[in-house]
Amino acid sequence: MLASAAPRESGRDNPVLAREVWLLGGVLALLVGVAGWLSPAFLGAGNLGNLAVQAAPLCLAVLGQMLVILARGLDLSVGSLMATVAVAATAFETTSNAMTLPICAATLALAAAVGWANGWLVVRRGVSPFLATLAMMIVLQGARFAYTKGAPSGELPPALRLLGTGTLVGVPVSLLLVAAVSVALVLLLHRTTFGRRIYVTGTNPRAAALVGIDAGAVTIACYVLGALLSGLAGLVLIGYVGTVDNWVGRGYELDSIVAAVIGGVVLGGGAGSVLGALLGALILVVLFNLVLLLGLPVELQLVIKGLVILLAAAVHATRMPR
């Protein structure tokens with residue numbers, strides 16, 4: 001019983017996961033090569049840099065989704081939360097840089113509250129993750145439209161814009177932020193007791209209870225952390241775009257799930273890695289860019305997303321906890 005609850009988080013401890021990460025790296029390199037062959041300008045430093053900056057919000061959202069999925073959850077409110085955070089950030093109606101930290105603190109607190117509500121519904125009230133987060137997505141959308149009356153407006157402090165467009169020693173701030181969050185999550189998942197509890201909870205909640213782990217509390221914490229990262233993704237996205245509307249972040253809920261699945265995060269919980277999730281996000285971004293380079297219909301992206309989920313679910317079926 002206890003053996004079945006052993007965490008499977010790292011490539012070092014799991015040769016299968018390590019091989020998957022190398023395979024994902026190979027797929028990403030192949031896609032970049034194909035895109036470069038189709039359009040030499042794609043491999044230009046400027047274009048690759050822009051592509052990486054555009055991928056930053058998705059990377060943050062994927063990392064948050066990964067945490068939720070690891071604990072056997074799912075979050076469909078990601079995109080709506082990102083839009084709500086963006087609208088809330090501009091609601092302060094100020095361009096004073098002195099307000100940057102208060103705005104970030106207030107919006108991330110809002111995101112944490114949404115994450116806690118999702119986790120509470122799932123754990124304490126027994127609502128399925130799909131229904132709980134779908135309902136939250138609708139609630140946030142309705143609240144957002146009621147507040148903005150369908151026409152959001154507002155300004156951002158220049159310092160907040162730096163999250164999406166600024167650079168530090170020549171490196172985009174958004175990429176540095178993704179790197180910092182990634183390192184923090186690696187340390188959390190691989191080097192802390194809480195990280196091991198996440199994997200044990202996702203692998204076998206009953207076994208987790210037998211060894212004294214409060215699986216419910218762990219799950220709620222994952223929803224809160226996931227929402228915080230979604231909120232941060234919303235701030236980076238609004239900093240990059242510079243303007244806000246009620247649909248900022250639209251589609252990120254599905255994209256974050258697809259990218260996580262591509263990266264080897266098992267939908268049944270208990271298996272996945274930070275590096276895999278990031279590679280999944282980059283593969284998705286390059287894949288979508290490749291669709292545009294080929295002149296294919298944008299709607300094909302939806303077909304690709306659905307096929308990716310079905311294929312990944314089939315490939316990882318043997319790894320899903322029973």
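**Cysteines, helices and a loop**

Modeller: The structure, which is a predicted model, holds 0 disulfides.

Colleague: How far is the sulfur of Cys104 from the closest cysteine sulfur, and in which residue is that sulfur?

Modeller: A disulfide requires two cysteine sulfur atoms within 2.5 Å. Cys59 is in no disulfide, and it counts as buried at 6% relative accessibility. Cys104 also counts as buried, at 15% relative accessibility. The closest cysteine sulfur to that of Cys104 is too far for a bond, at a distance of 19 Å, and it belongs to Cys59.

Colleague: Cys104 is in helix H4; against which helices do the buried residues of H4 pack?

Modeller: Helix H4 covers residues 100-123, and its 24 residues should span 34 Å at 1.5 Å a residue, which agrees with the 34 Å between its end C-alpha atoms. Its buried residues include Thr100, Ile103, Cys104, Thr107, Ala111 and Val122. These buried residues of H4 pack against helix H3 (78-90), helix H5 (129-148), helix H6 (158-165) and H10.

Colleague: How are H7 and H10 oriented relative to each other, roughly parallel or roughly antiparallel?

Modeller: The axes of helix H7 (residues 173-191) and H10 come within 11 Å and cross at roughly 170°. Because an angle over 145 degrees falls in that class, the two helices H7 and H10 are roughly antiparallel.

Colleague: Which residues make that contact between H7 and H10, and how do they divide by class?

Modeller: From H7 the contact takes in Ser174, Leu177, Val181, Leu185 and Leu188, while H10 contributes Leu225, Leu229, Leu232 and Val236. By class, the residues of the contact of H7 with H10 divide into 8 nonpolar, 1 polar and no charged.

Colleague: What is the class of the angle at which H3 packs with H11?

Modeller: H3 and helix H11 (residues 252-262) have axes 6 Å apart and pack at an angle of about 130°. Val78, Gly79, Ser80 and Met82 in H3 meet Tyr252, Glu253 and Ser256 in H11, a contact with 3 nonpolar, 3 polar and 1 charged residues. The angle of about 130° makes H3, relative to H11, oblique.

Colleague: Is Asp255 buried or exposed, and which residues beyond its sequence neighbours does it contact?

Modeller: Asp255 is found in helix H11. With a relative accessible area of 13%, Asp255 is buried. Leaving aside its neighbours within four places in sequence, the residues in contact with Asp255 are Leu58, Leu284, Phe288 and Lys305.

Colleague: What is the phi of Arg72, a residue other than glycine?

Modeller: Most residues other than glycine have a negative phi. Arg72 lies in the loop between helix H2 (45-70) and H3, where it counts as partly exposed at 33% relative accessibility. Its phi is instead positive, with a value near 70°.

Key
Residues are numbered from 1 along each chain as its sequence is written. This is a predicted model: local features need pLDDT of at least 70, side-chain atom pairs count only at pLDDT 80 or more; totals for chains, interfaces and linings use all residues. Side-chain values use heavy atoms; hydrogens and water are left out. Helices (H or I, at least four residues) and strands (E, at least two) are DSSP runs, numbered from the N terminus. The expected span of a helix is 1.5 Å times one less than its number of residues. Buried means under 20% relative accessible area, exposed over 50%, partly exposed in between (1.4 Å probe, protein chains only). Contact means heavy atoms within 4.5 Å. Axes are lines fitted to C-alpha atoms, for helices over the stretch in contact, and angles run from 0 to 180 degrees between N-to-C directions. Angles under 35 degrees count as roughly parallel, over 145 as roughly antiparallel, 65 to 115 as roughly perpendicular and the rest as oblique. Ala, Val, Leu, Ile, Met, Phe, Trp, Tyr, Cys and Pro count as nonpolar, Asp, Glu, Lys and Arg as charged, and the others, Gly among them, as polar.
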